[in-house]
Amino acid sequence: MTPESSIYVAILLPLAGAVGIALAGRISANIREAVTLVTSLALIAVVWGLLPELMAGGRPGITLGEVLPGLSIAFTVEPLGMLFAALASGLWLINSVYSIGYMRGNQEKNQTRFYTCFALALAATMGVAFAGNLFTLFLFYELLTLSTYPLVSHKGDKATVRSARVYLGVLLTTSIGLFLPAIIWTYVAAGTGDFRLGGILAGRLNDPEIGLLLALFVFGIGKAAVMPVHRWLPAAMVAPTPVSALLHAVAVVKAGVFAITKIIVYIFGIDFLFLSDSAGWLLYLAAFTIIAASLVALRQTNIKRLLAYSTIAQLSYVVMAAAILKPLAEVGAAVHIVAHAFGKITLFFAAGAIYVASKKTEVHQLRGIGRRMPWTMAAFTVGALSMIGVPPTGGFVSKWYILAGAFEANNLVAIFTIIISTVLNAAYFLPILYMAWFERESADAPAHGEAPLLAVLALSITALLTLAFFLFHGPVIELESQVVMGVNL
Amino acid sequence: MDLLAHLPALQVLIPMLSAPLIVLLQPRGLAWAGATAVALVSLAVAVALSAAVMGGEVMDYEMGGWPAPFGIALSVDALSSLLLLVVTGAGAAALLAAKPSVDQQIELERQPLFYSAWLLALSGLLGIVVSADAFNIFVFMEISSLASYILIAGGPDRRALPSVFKYLIMGTIGATFYLIGVGLIYMMTGTLNLADMELRLGDVLELNPVLVAAGFITIGLALKAAVFPLHVWVPNAYTHAPHMVTVFLAACATKVALYVLIRFDYMVFQRALDEHEIQFALFAMPLALLGILIASAVAMFEGHLKRLLASSSVAQIGYILLSASLLSAEGLAAGTMHIFNHALAKGGLFLAVACLAYQYRDLRLDQLGGAAARMPWTCGALVVCGFSLIGIPGTAGFISKWLLITAALESGPWGWALVAVVLVSSLMAVVYVWRIVEALYFGETPAGEQATSEAPLQLLLVAWLIAILNLYFGVFPQVPLTLANDAAALLVEGAL
C-alpha cells in the first residue's frame, strides 16, 4: 500500500467499521465486538505502516479536491500527526478490549450505538491527525465533536443529557465562535490555510494581530481545555468510563492540544511567534491553568472528576511547553502527548474497573481497596506516578524534556510551574495510593473481587506501556526532533 | 422549431396550462401523479435552462414575437436559473413526497383542486423569475400569492384561515406597494421592460419620483420576502399550512420576492440613481441584522416545531439580505448561494417534519419526546438538515456561511461586527436545533398517542434524498457556485 493510499484507508477503515458494527449489532454481540477488534487491528497496521516513511523524512500527502476556490480537503502526514494517529489507533484497540469488559460487566444498554459512534470518532480523529490544512482540520474537528456527543450522552437520563449539553455547548460555541473566525482570518490574511514548516503568516500580520489570532485559536480549540473553556471536561465525566478514557487519552483532548501545537508550529511558526511581542501571554495562561486545575483537583471527591481536572492541568503542560517556543520544549510537548495518554488511560481504566466491580465512585471509598483489587490498584499506582512524573514512568521523560526546554529559554515561570504542579499532583494522588494500599476498609464494607478479566487485561497493558515508555521513548524523540530540525515538509 | 429557445416560455406555460387539466383528474391518486409529472418536467426545463446560461449567457425571449419593449419579454440569466432550480426543485421534491401526507390531511374529492392550485402557485413563482417586465412580474406575483393562500388554507387546521387572512392582507399591501412603485416608474420612463427602464432612467431629469418608486417597490417586496419587521405573517402561515405546502413555500416563496428586490435594486435603481446603493445598504443591513438576531432568539424559545423552523427561516432571509447589502460581488455570490443552500436545508427539515406529522398530531416539542426511538430514519434526516442549517462543515450551509463571512471581512472596517452577528446567530441556531434533537432523542415520552412506526417510505426517501443533497453540495458546490458567481458578476458589473 502506498503511503498516499494509506491515508485514505486510515480514514475510511473506521468509517466502514462503523457501518459493519451497526450491521453486526443486529446479528450478535460477539460478532459486533469482533468487527470492532478487527477494524482497530487493521487500522494499527495501516497507520503504523506509515512510520518507516516518516522516520526516513518522507511527508506523504494527498489533496482530495477543492470545495471552494482556495479551500481544499487535503491530507499531509508529518511527525506530529503521525504521533497522534499512531497513539490513537494503538489505544483504540486496547480501549475496545476494555470496553467489552466494562460494557458487559455493567450490562450497559445501547452497546451497538456505543461501538458505532466509537468507530466514527476514530475516523474523525484520523482526519484531524492527517489534516493538511486548516479547513480539513476544522471539518474533522467538528465531526469529532458531533460523533462523541452520543457517547457522552449515552446513559440518556436527565442529568446526563444536561451535562452533555454543556459538553456540546462549550465545544460548539468555541469552535463556531472563535476557531472558525480564526481560520477564516488566516485564509484571508495569508491566502492559504496549508500547514507549512515555518508558518504562513510571516510578513502578513503584525502585533497585536498575532496575539489576537493566537487567542482566537487557543480559546477556539476548546478541546485543549485551556481555562476558561475547560468546563466541558468535568461535565463529560457522566459518560461511561471507556468514553472518558477515549476523551482523556486517545481522541478528543489530544486532538485539542495537537491542533494547538500544530498551529503554533505550522501556521505561525516557532521562530515567528518567538519574535512576536504579543504571544507571550500564552505561556502564562497555560501556567495558570496548570496550577488552578491542580488546586481544584485537590478538592475533588469524585474519582473521575479528580482525574478530569488532572487532565486539564496535564493538557496545559503540552500547551505551556509548546508556548516556550524552544526546540527541546516542543519535543517535550509532543512526548507528553504520548506519556500522558498512557498514564491517564490507565487511571481511567482503573477507575472504571473499580466501578464495575464495586460500584464505588468516590475517593474516600477506596480505603483498603488495594487488597481486593491488587491488579487494578497496581495499574492505578503506575498511572498516578506517571502523572507526578516519578521514574521509571513515561511521565518522567516528558517532564524532563519540558524542564530542559524551560531551562534553555531561561523561563522561570515555566520552571516554577512544573515544580509546584508536581508537588500538587503528589498531594492529590499519594493520599489515594496510601489509602488504597495501607489502610483497612471499614468492617461493614460489601465484599467484591477484581474487575472483569478483559478490563484488567487492558489496564495492565497500558500500565506496562507507561513503564515501557520510560525505556523505549527514543523513536518518539527522534521523530519529533525532525519537526524542530526543519526536516522536509 | 428549436425547443431550447422556447424553454423560458415553456417553463411557465407547462405548469400553468396543466393546472386546469389536473382538476379533471378525479380518480384517486391521478391528480397527484399528474401534478408530480408536471413538476418533474418543469425541473428538467430548469436544469436545461441552467446548463444553457452557465458561463454568463443570457437567454431572451419575446412572447408572441413582439419585440421588446413593446411586447412582454422574458429573460433567463444565471441568477434567474438558480432561482428556477430552487423553485422547481422544491416543487418537485415536495410533490414527489406529498401523497401520503396530503392523503392524510386533505379529502380525496378536494385533492384535484389542491394540486391544481399547487401548479398555479408553481407557475406563478416561475413566471416571476423569468419575467423581464415589471408588470408581468406583478401579474405572476398575484397568481402565485392567490394560489398560495388557497394552498395554505387547504389543510385540516382551522387556524390556517386567520393566518391566511393576515397573509392575504399583508401580501396584498405588498403587491399594491409594488404596483404603485411600478406605476411611478412607468410615469417617468414610459416603459415597463426592465432593461429598457435601466436605459431610459438615464434620461430622466426629475429623479424624486424614481426615488419614491424605489421606496414603494422595496417595501412592497420586503413584505413579500418576510424581511424583519414585515415578517409577522410567516410563523402562522407556515405552521398551520398543510405540511407539504410548508415544504414548498418555505423553500422558495419568500426567496423569489427577494430575487425581484435584488434584481430591481441592482439593475435598475443603483444604475440610475446616484448613491442609491448606499441608501439600499443603509436600509437593508440594519433590518437584516435585526431580523437575524431577533428571529433566531425567538426560535430559541419557541415550543412548536413548525413555528420554530418558521422563525429560523426569517433569520435566514436576513442572511441573504445582509449578503446583498454588502454591495460586493462576493456578497451577492454568498447571498445567492444561501438562497440555494437554505432551500435545501429548510426543505429537508420540513420534509422531516412532515414525516413526524404523519405519526404525531401535535407537533409541539414537549409532545414529541422520544420520537427518535420509533422513527430513527426521520430523525436522522432531520439531524442532517439541522447540521446544514447550523453550518457544520461538510454541509451546504457551511459553504454559504463561509462565503458570507469572507465577504463581510472584505467589506470594510465594520466587517468584524457583521461577522460577530453571523457567528452569534449560528450559535443560536445550534441552540434551537439542539432543542429539537434533545426533545426527539432524550425527551420524555408523553402520555397519550405515540408513533407506532416509521413514516411511509415515500416521505422518507425524499427526505433522505434532500438530506444527502445537503451533504453533497457541502463538498461539491461547484454547480450552484458557478451560477452564483455568474449572477453576482451580472448584477455588479456596470454599477458604480
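I began with the largest cavity, which is lined by 15 residues, and those nearest its centre are B:Leu125, B:Ser144, B:Ser145, B:Lys224 and B:Ala253. By cavity I mean a set of points, on a 1 Å grid over the protein atoms alone, where a 1.4 Å probe fits but cannot get out, and a lining residue has an atom within 4 Å of a point. I note that this is a predicted model, in which local features need pLDDT of at least 70 and side-chain atom pairs count only at pLDDT 80 or more, while totals for chains, interfaces and linings use all residues. Residues are numbered from 1 along each chain as its sequence is written, chains are lettered from A and ligands numbered from 1 in the order in which they are written, and side-chain values use heavy atoms, without hydrogens and water.

The space in this largest cavity comes to about 140 Å³, a volume being the space filled by probe spheres set on grid points that are joined across faces, edges and corners. I looked up which helices (DSSP runs of H or I, at least four residues, numbered from the N terminus) supply the lining, and found that H4 (111–130), H5 (134–152), H8 (208–224) and H10 (243–272) of chain B each give at least two residues. H10(B) provides the largest share, five residues. Sorting the lining gave 10 nonpolar, four polar and one charged, where Ala, Val, Leu, Ile, Met, Phe, Trp, Tyr, Cys and Pro count as nonpolar, Asp, Glu, Lys and Arg as charged, and the others, Gly among them, as polar.

I then turned to the packing of two of these helices. The axes of H4(B) and H10(B), lines fitted to C-alpha atoms over the stretch in contact, with angles from 0 to 180 degrees between N-to-C directions, come within 10 Å and cross at roughly 20°. H4(B) is therefore roughly parallel to H10(B), a label for angles under 35 degrees. In their contact (heavy atoms within 4.5 Å), I found B:Leu125 on H4(B) and B:Ala253 on H10(B) among the residues involved. The contact has 15 nonpolar residues, with no polar and no charged ones.

Last, I checked the second largest cavity, with a volume of about 70 Å³. Its lining includes A:Leu80, A:Thr261, A:Glu330 and A:Glu480, and H11 (252–268), H15 (327–358) and H21 (474–485) of chain A each supply at least two residues. Seven of the lining residues are nonpolar, one is polar and two are charged.

Conventions. 1 Å grid on protein atoms, 1.4 Å probe; cavity = no way out; pocket = protein on both sides within 12 Å on 5 of 7 lines; lining within 4 Å. Parallel < 35°, antiparallel > 145°, perpendicular 65-115°, else oblique.
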